[in-house]
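Here is a friendly tour of one protein model, written for someone who likes cut-offs stated plainly. Please keep the structure open as you read.

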Amino acid sequence: MLPSRRASAVIALFLLLPPAAEARAQCEHCAPPSVRGEALSLAGNALIGGVTAGIGARLRGRPFLRAFAGGAAGGAVTYAGKRIAAEHVEGAGFAGREVAAVGSSISANAAAGRGALDRLVLPVGPVRVYLAPRGEGPAVRARVDLAAVAAAAFAATARGSRFDARESLSSGALVFRVPGALEEVGYDGRHLAGVVQVRQGGDSLRAERTGAHERVHVIQYDQSFILWAAPAEAALMDRARWSRGLHRWIDLGINAPALAGLGAVVPYRAQPWETEAVYLARTSAGEAR
């Protein structure tokens, strides 16, 4: 089991990030990234990847530290993907999502005792492409994320909802526009299972920050799936022949309800995933001061 002081270090590093003072990705006075903020975000993601890999290795009877090092390196790459995705540049979301997914895959491989690039999970919209160029099984396989499909259906049926193809291509995730004033809609943007809803209207800079905020959440969803949900789903679904056959084509996305449940019980300003998204979205390096 993970010593409590290591767990406390992970939590503390995330909570040391600047507090989420405004809901829904907005801020009154935004600034370029700070060395302290970037270092803490990097360290937090590295620790998540390292601790996850170390625990996975210990459960399989392998040394903790070697797996921790590989997982931490993957976590650093995941951080880089989040930073890329938060930039206000066309295609940054797609590029950042794939870079971050490679990083999370490296951490997951370290946990499982595989080579760093033996198995990569690359999410594209509601589909995950599994690449195993040096591993067992098919070299390429695609699975549909069932949770993402359900979230997309929910978003598409919202009153006045419109699918934004251009932003979806740029983000690498399904994006829907919802009309209405903030007081009517209740949010500038929200995310569920890799699907984003953004309120239509308001000034362009506000919309850019909202989009960046939600793109970070998409990567956090990928990160939690690759590191934690994917191994759990494999253990669950590969037990029987019928579920093993289903798992060849479908991911359940059990991390989606888990994350939603956490969001319901943890106060907004105390949520480390919100703190990270707010910080990265409000400190775009390309944003004019």
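What follows covers the strands and their helices, then the aromatic rings.

This is a predicted model, in which local features need pLDDT of at least 70 and side-chain atom pairs count only at pLDDT 80 or more, while totals for chains, interfaces and linings use all residues. Residues are numbered from 1 along each chain as its sequence is written, and side-chain values use heavy atoms, with hydrogens and water left out.

Let's begin with the open sheet. Its four strands follow the order S1-S2-S3-S8, with mixed pairing. Strands here are DSSP runs (E, at least two residues), as helices are (H or I, at least four), numbered from the N terminus; two strands pair if DSSP finds at least two bridges between them. The edges belong to S1 (120-124) and S8 (250-251), each with a single partner strand, so one side of each has no neighbour in the sheet. S3 (residues 140-145) runs parallel to S8, joined by two bridges, and Asp 145 is opposite Asp 251 in S8.

Helix H5 (residues 146-156) touches S3 and S8, and its direction makes about 45° with that of S3. Helix H8 (residues 204-237) touches S1, S2 (127-131), S3 and S8, at about 70° to the direction of S2. These angles run from 0 to 180 degrees between N-to-C directions, with axes fitted to C-alpha atoms, for helices over the stretch in contact.

Next comes strand S5 (residues 174-179). S5 pairs with S4 (residues 162-163) in the antiparallel sense over two bridges, where Phe 163 faces Phe 176. With S7 (residues 195-200), S5 pairs in the parallel sense over six bridges, and Val 175 stands opposite Val 196.

Now for the rings. Which residues have a charged end over a ring? A charge sits over a ring if NZ of Lys or CZ of Arg is within 6 Å of the ring centre and within 35 degrees of the ring normal.

| Charged residue | Ring | Distance from ring centre |
|---|---|---|
| Arg 128 | Phe 225 | 3.5 Å |
| Arg 143 | Tyr 130 | 4.5 Å |

Finally, Phe 64 and Phe 68 both lie in helix H3 (residues 64-85), four residues apart, about one turn of the helix. Phe 64 is buried at 15% relative accessibility, whereas Phe 68 is partly exposed at 22%.

Conventions:
Buried < 20%, exposed > 50% of the residue type's maximum accessible area, 1.4 Å probe, protein only. Contact = heavy atoms within 4.5 Å.
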